[in-house]
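This briefing goes through the structure shown below, topic by topic. Please keep the sequence and the model at hand while reading.

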Amino acid sequence: MKITGAQALMKCLKEQNVNCIFGFPGGAVIDIYDELLKDQDITHVLVRHEQAAIHAADAYARVNGDVGVALVTSGPGATNTVTGIASAYLDSIPLVVFTGQVPTGLIGNDAFQEVDIVGITRPCTKHNYLVKDVKDLVPTIREAFHIARTGRPGPVLIDLPKDVAVGKINFPEMKPVKMRTYRPTYEPHPGQIEKACKAIIKAKKPVLYVGGGVIASKSSEELTELAHNLNIPVTMTLMGLGGFPGTDPLSMGMLGMHGTYFANMAVADCDMLIAVGARFDDRVTGKLSDFAPHAKIIHIDIDPSSISKNVQVDIPIVADCKYALAAMNNWFKTTSSIDMAKESATHEPWLNQIKDWKAKHPLGYVEETDIIKPQFVVQKLHELTNGDAIISTEVGQNQMWAAQFYHFNKPNNFLTSGGLGVMGYGLPAAIGAQMAAPDRTVIDVAGDGSIQMNIQELATAQQYHCPVKVAILNNNYLGMVRQWQELFYNKQYSATVLDVEPDFVKLAEAYGAVGLRATKPDEVEPVIKEALATDNTVIMDFVIKREEGVYPMVPAGKATTEMLLV
Amino acid sequence: MRRHTLSVLLQNKPGVLSRVTGLFSGRGFNIESLSVAPTIEKEVSCLTLVTTGDEAIVEQITKQLHKLIDVIKVTDMSEHEYVEREMALIRVKAESSTRAEVLRTIDIFRGKVVDVCPKSYSIEVTGSVSKVQAIIDILRPIGIQEIVRTGAVAMTRGHK
Ligand SMILES: Cc1ncc(C[n+]2csc(CCOP(=O)(O)OP(=O)(O)O)c2C)c(N)n1
Ligand SMILES: [Mg+2]
């Protein structure tokens, strides 16, 4: 029996175990929406802006551990997704995004709501497709999911002309996707593993530098085993937080621009840097010539183009982090000449050195009694959720305080737009996370500026009964930009003062959510407790010290040892 | 900084060329010349691209090309023995006083006259990129009216 393209799309989604998608309708996808309505197995979350559909799918993908899916219409629906797609691309998040398109006969005519979305998203997708014939639809969707979730994951876009959704086909049988040109390398080269392990044994001052690849490859356990067996201190990038337990004695927290003093000092002084699923981003390295200048560098990454891109690497290992770390653990265990207890002991002087750095400049802030400090809010959130919540963030100071002070112990408890830094990510991401994990506590640590970029999603949260909590660290500023102006532009606060802002408590109430406000430190705990006890979307408006800064801070272009401290 | 000739096998699909050129413009790599045409397999095209850069840049270019889903194979010809050819069509002024000199030059370079007009010859010349450049340099003082070059194409040498 022949079925329509739209029906085939539904079948494909089920084949791929998709049961929740995020989207927004329009003329070009109306046939698909018609099918969706008849379908009992797939929940469609109607967002209020297409950008939010992508961020929500992004967070859903992270929490669910598989591909996130979004569906939008042609033209403006498609262009509204671009920011979200670019963010997912830079953070290597697996997505399949379906965009409607004008009928094939009209393509190229400047038809109503026609844009070349495949052209527009070419540089910010892992791959993309325009399906011109309904016969190609099913193989294309299968290939898209395969590409999105394998290798270095990423977003894939499929542009669907309206006539493809109504065209008829026989549904082809599912076969494993085989591609001539795309075969990611998972297994490490054994010779490289041995070389790396031998080099690690020689090192006196090793550091593990861990990025989002550890989370994408689900290899926290293997990483933790390696660090514990050999007593190697660990530092994480923004995307790597939670890849190694943040409260573990070997954790040095985050490195880079707003990294800890001790992590940055350790990287600058180490003789061996083991980069795992990280990409030597400029926010991590600072001035390149001064980054880990004394270290031999091992780099494990599934994407060969990440290796030796910014920093020349001594021992490259192209592989999935999970396989590579497991192979290293195995090498240390099975090589008879290695006494791991002895090896661990040789790192004691190095760990003591790090302890000294930590004692000299721990991560901290100046506590005050009459005004709320944002770091205090994050600490309280951590305490009152037992460090177990899913935290999404907006972008700016709020994001960095969340990263620094909520010590993430598990992967995917921290959802942030790392590579692109999209203000407006946090609320839709919280909704996506809540859809994937209905029983978890989900909190968006927000700024007063960013939250307004996708505030309309409060309606989505309400509609789908997502009891997400939004903690606005309200400084009445575009705080991070203001901080740069304070430090490097003579305190000329050009366009960073938010003179007019909504009353966030009333705003929450207008959407049917709950609004709470704290203006004094002793109100913080009761507000958080009340929010956590409320089975509804809650906005907590924390009126914080306005000109608080994020420290440590490495000024752009400086060496990471040149930190401005609290 | 060195000149590199890259030979890239691609799936012959719509938009593939723009993926390649977009990669170069987006990442600030330069393209000196580029030529693309089908191979013996009809689903596969071969793109020959000449670029300059230090080793690290060319390594990045190669890796980034590999990362494109539609790219089958990338060969940096500089790592192999290979032959490289370019063709140029050149219309050069040919008045009674210079005609003989033009013909002599073409002859030396084993070019061909492919069109004759009262005041000009159009000639075809094939050879290495430097040979094509050489004839252009020699004809220039006589008066070149127009040049169209194909850009280099390259092939590794067969096994001995
Ligand atoms: C969409 C977008 N526009 C602009 C920026 C630049 N930017 C980075 S942080 C920031 C300030 C954010 O203000 P707010 O949300 O109040 O957070 P705060 O830094 O005050 O905590 C801006 C404007 C951005 N990251 N994203
Ligand atoms: Mg702010």
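A salt bridge is a side-chain nitrogen of Lys or Arg within 4 Å of a carboxyl oxygen of Asp or Glu. A:Arg62 and A:Asp58 form such a pair, with their closest N and O atoms 2.8 Å apart. The model is predicted.

**Salt bridges**

- Over all chains, the structure holds 41 salt bridges.
- One of them joins A:Arg62 to A:Asp58. Both residues sit in helix α3 of chain A, which covers residues 50–64. Because A:Arg62 and A:Asp58 are four residues apart in this helix, about one helical turn separates them.
- Between chain A and chain B the count is two salt bridges.
- A:Asp303 forms a salt bridge with B:Lys67, and the closest N and O atoms of this pair are 2.7 Å apart.

**The interface of chain A and chain B**

- A:Arg122, A:Arg180 and A:Thr181 supply 41% of the area that chain A buries against chain B.
- Nine residue pairs are in polar contact across the interface, counting pairs in which both residues have pLDDT 80 or more.

**Ligand 1 and its surroundings**

- There are 17 residues around ligand 1, and those that come nearest are A:Gln397, A:Gly421, A:Gly449, A:Ser450 and A:Gly479.
- A:Gly479 places a backbone N or O atom 2.7 Å from an oxygen atom of ligand 1.
- In A:Asn475, an N or O atom of the side chain is 3.0 Å from an oxygen atom of the ligand.
- A polar backbone atom of A:Met423 lies 3.4 Å from a nitrogen atom of ligand 1.
- Ligand 1 exposes 590 Å² when taken alone, and the protein buries 76% of that.
- How do the residues of the shell around ligand 1 divide by class? Nine are polar, seven are nonpolar and one is charged.
- Helices α18 (397–405) and α21 (479–488) of chain A each supply at least two residues of this shell. The largest share, three residues, comes from α21(A).

**Chain B**

- Chain B has four helices and nine strands.
- Read from the N terminus on, its elements follow the order β-α-β-β-α-β-β-α-β-β-α-β-β.
- The C-alpha trace of chain B spans about 55 × 40 × 35 Å along its principal axes.

**Backbone details in chain A**

- The peptide bond from A:Tyr551 to A:Pro552 is cis, and its omega is near 0°. A:Pro552 is found in the segment after β20 (538–543) of chain A.
- A:Asn17 has a phi near 60°, which is a positive value in a residue other than glycine. A:Asn17 belongs to the loop between α1 (5–15) and β2 (20–24) of chain A.

Note on methods. Residues numbered from 1 in each chain as written. Chains lettered and ligands numbered in written order. Predicted model: local features only at pLDDT ≥ 70, side-chain atom pairs only at ≥ 80, totals over all residues. Heavy atoms only, no water. Buried area = accessible area lost by both parts, 1.4 Å probe. Polar contact = N/O pair within 3.5 Å; in protein donor to acceptor, adjacent residues only side chain to side chain. Near = heavy atom within 4 Å. Areas by Shrake-Rupley, 256 points an atom, 1.4 Å probe, with all protein chains shown as cover. Nonpolar A, V, L, I, M, F, W, Y, C, P; charged D, E, K, R; others polar.
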